[in-house]
Amino acid sequence: MSELQVKTMAEFMAEGKEADILFWVGSAGSFDDRAKKITRAFVRIMNKANVNFGVLGTEESSSGDAAKRSGNEFLFQMQAMMNIEVMNGYNVKRIVTTCPHSFNTLKNEYKGLGGNYKVQHHTEFIAELLAQGKLKVIGNLKGTKITYHDPCYLGRANNVYDIPRELIKSLGVELVEMKRSKRKSFCCGAGGAQMFKEPENGAQDININRTEEALALKPDIIATGCPFCNTMMTDGVKAVNEGAAEVKDIAELIADNL
Amino acid sequence: MGISNIIFLVVFLVAITFFIRNLNRIIANIKLGRDIDRSDRSTDRWKNMFRVAMGQSKMTRRPVAGILHIIVYLGFLIINIEVIEIVVDGIFGSHRFLSSILPIGLYNFLIGSFEILAILVLVACVIFLIRRNVVRIKRFWSKEMTSWPRTDANLILIFEILLMSAFLIMNATDGLLFSAGASHYVSSFSNPISQYFQFMFMGMDTATLVAIERFTWWFHIIGILMFMNYVLISKHLHIFFAFPSTYFANLNPLGQFSNLQSVTNEVKLMMDPNADPYAAPAADAAPPEQFGAKDATDLNWVQLLNAYSCTECGRCTDSCPASQTGKLLSPRKILMDTRDRITELADNKRKGKEDTKSLLGDYITAEELWACTSCNACTDACPIELDPLSIIMDMRRYLVMEQSAAPTELNMMFSNIENNGAPWQFPAADRLNWKNE
């Protein structure tokens, strides 16, 4: 399968051209098998809408979010400054990313270190494409029940609550809300670098608590917009009631219904 | 000036002096913190303070507690106008001084409003006591709510109930004395609530009524003076500090964490190809700043102000995913520990006592810090925008950058990022493989 049209920023430069937008893939989106599917789904969407985008490819490096939030400010700033040097070299102005952690760091924390970009989460970007008429979704998921899990770094951290929900609703599905949603959303358990370590001792794992809440609504699909949340909820469903619901990124839902 | 006026003046001045001395101590404790610049965006800061502290905008997210709290808050603010009158009467021996200078209609309106608020505050405080001690709402009984924090909360509620009762009884007996024509009181006043308390004192002779009226008058004012001083050693300090805390709150998106300037300087030097790696620091260069926070004095003054502002309501802990799944971490405890530690540290300093403790280790353990997901549920839940998360992050920074004491898996993650630019062990050359899979 190589129907995807993906060019690196280096290739753009070699052709003497510039991409309108940099797609920041993120480490999870580049290496994690589940997250790679989200990356590919989002590229399918951008290809369909003829977006002139580039990726950094092998020149991309960890955003430093996980390092920063574990307290390794040194490593974070090293990563940030290297990435900024690369991006400024390509004269990057706009960035879109499928990872809320990269989104938050690139948007809020790079600007103090010399990286000033307009950064969007992929749901914001897709909503823009729809509004501009560059993309049309077929609302053929009628009868499907979906609940949406707010990623902390998209929701509380950056106040993006409604756009992901509007995208889900555009598919003609039934959107059901968990009691803890939007600003009251309950973390999946992966943030703050927890993704990379065993949880501390406790009565229950956080992702189990959250998955139980989601599955109590008996949804067909648990939708989210973060590769880490996706992993945590997928593991959660396996542990709580395997096969009870699918965990999907909004990009995948949209890409499958173009 | 009679003897009672002199006694009043002495009591009043002593109480005020103690209050100012102890308040100054707390302010001095807060100033032990590191510097942070929050002098920007003053218009936004005023707006934030008006909306969140004065306007109580975040309280009503939990409607029952929120509405009851607004009643007590308004009652506290408005009934305290009465204190002006009490103080003037106390010093000059007048009676109901305001009634002699205000139009009688306005005075009646004021006293009437005070009475209505007083009974509402009283009822609200009784409900609060029931919520804490009978219903035993979970967040008031979690593990950091040991005996003193629970007693502290109950004492404040009982205090307020007694103050409001004294106020109403004072008005009830005063009203009886007036209508009996037995008092020197110059004017009548409306008593929409206290009239229903008058039945308790019917048939008493004038001397007894005067005694009760005077007793409740003294009880009310001495109670207020004591309460004012008690607040300084209590979690109840939020009645003053909620205002500066919301003014100096973090106005950035919650996801934006501070970039440490000391680290920026180092990293820039490392990445500068013209920098001399063997250069000795200038002779007058300040010693390098410690990264992160080990003790309370390594935190900035806004974080310390936050610690003194916390009223231990527990909304943070109640929404924290780590706390809610039984981990050791509780954001409320982080603030309580910070407050207790900076107070202890400053007291020891003042007394010249040796101090070998520190916030990290003796109060907050690494296990608590590593349980945080940085999800910002706590900072969002706080009704006065306190920021326990920033304290957790500063302490993690100390653990990692000064002590290299991160959990093993995180150390592996760091070396993966250092070696191949991703938190997992994949070669950087494979970053674009997804394109053709």
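Predicted model: local features only at pLDDT ≥ 70, side-chain atom pairs only at ≥ 80, totals over all residues.
Is B:Arg96 buried or exposed? With 20 C-beta neighbours inside 10 Å, B:Arg96 counts as buried, because 20 or more is what a residue needs for that label.

Let's zoom out to chain B as a whole. Its secondary structure comes to 19 helices and zero strands. Along the principal axes, the C-alpha trace of chain B spans about 95 × 55 × 40 Å. The radius of gyration of chain B is 28 Å, whereas a compact globule of 437 residues would have one near 22 Å. Buried residues make up 41% of the 437 residues in chain B. And if you take the contacts in chain B with a separation of 6 or more, 79% of them come from residues 24 or more positions apart.

Now, the domains of chain B. The assignment gives domain 1 as 3-30 + 62-247, and domain 2 as 261-271 + 289-427. The centres of domain 1 and domain 2 of chain B, taken over C-alpha atoms, are separated by 39 Å. Where these two touch, 17 residues of domain 1 of chain B are in contact with 22 residues of domain 2 of chain B. On the domain 1 side, helix H1 (3-30) and helix H9 (238-247) of chain B each supply at least two residues. H9(B) gives the most to that side, with six residues. By class, the domain 1 side of this contact in chain B divides into eight nonpolar, six polar and three charged residues.

Over to chain A. This chain is divided into domain 1 (9-129) and domain 2 (136-255). How many Å separate the centres of domain 1 and domain 2 of chain A? Taken over C-alpha atoms, the answer is 22 Å. In this chain, 26 residues of domain 1 of chain A are in contact with 27 residues of domain 2 of chain A. The side of domain 1 of chain A that touches domain 2 gets at least two residues from each of H2, H3, H4, H6 and helix H7 (122-131) of chain A. H3(A) gives the most there, with eight residues. That side of domain 1 of chain A has twelve nonpolar, eight polar and six charged residues.

Let's stay in chain A and look at some strands. S5(A) pairs with strand S6 (residues 174-176) of chain A in the parallel sense, over three bridges. In that pairing, A:Lys145 stands opposite A:Glu174 in S6(A). To get from S5(A) to S6(A), the chain crosses through H8(A), and this β-α-β crossover is right-handed. S5(A) also pairs with strand S7 (residues 221-224) of chain A, in the parallel sense and over three bridges. Here A:Thr147 stands opposite A:Ile222 in S7(A).

That brings me to A:Asn159, which is found in the loop between strand S5 (145-148) and helix H8 (162-169) of chain A. A:Asn159 has a positive phi of about 60° although it is not a glycine.

Last stop: where the two chains meet. The contact takes 57 residues from chain A and 56 residues from chain B. On the chain A side, several helices each supply at least two residues, including helix H2 (26-31), helix H3 (33-48) and helix H9 (206-215) of chain A. H5(A) gives the most to the side of chain A that touches chain B, with seven residues. That side of chain A divides into 20 nonpolar, 24 polar and 13 charged residues.

One more word on H9(A). Among its buried residues are A:Ile206, A:Asn209 and A:Ala214. And what do the buried residues of H9(A) pack against? They pack against S5, S7 and helix H10 (227-241) of chain A, together with helix H13 (321-324) of chain B.

Notes. Residues numbered from 1 in each chain as written. Chains lettered and ligands numbered in written order. Domains from an automatic or database assignment. Contact = placed C-beta atoms within 7 Å. Helix = DSSP H or I, 4+ residues; strand = E, 2+ residues; numbered from the N terminus. Nonpolar A, V, L, I, M, F, W, Y, C, P; charged D, E, K, R; others polar. Buried ≥ 20, exposed ≤ 12 C-beta atoms within 10 Å, placed from the backbone. Pairing = 2+ DSSP bridges. Right-handed = clockwise from strand over helix to strand, strands pointing away. Rg over C-alpha atoms; globule rule 2.2 N^0.38 Å.
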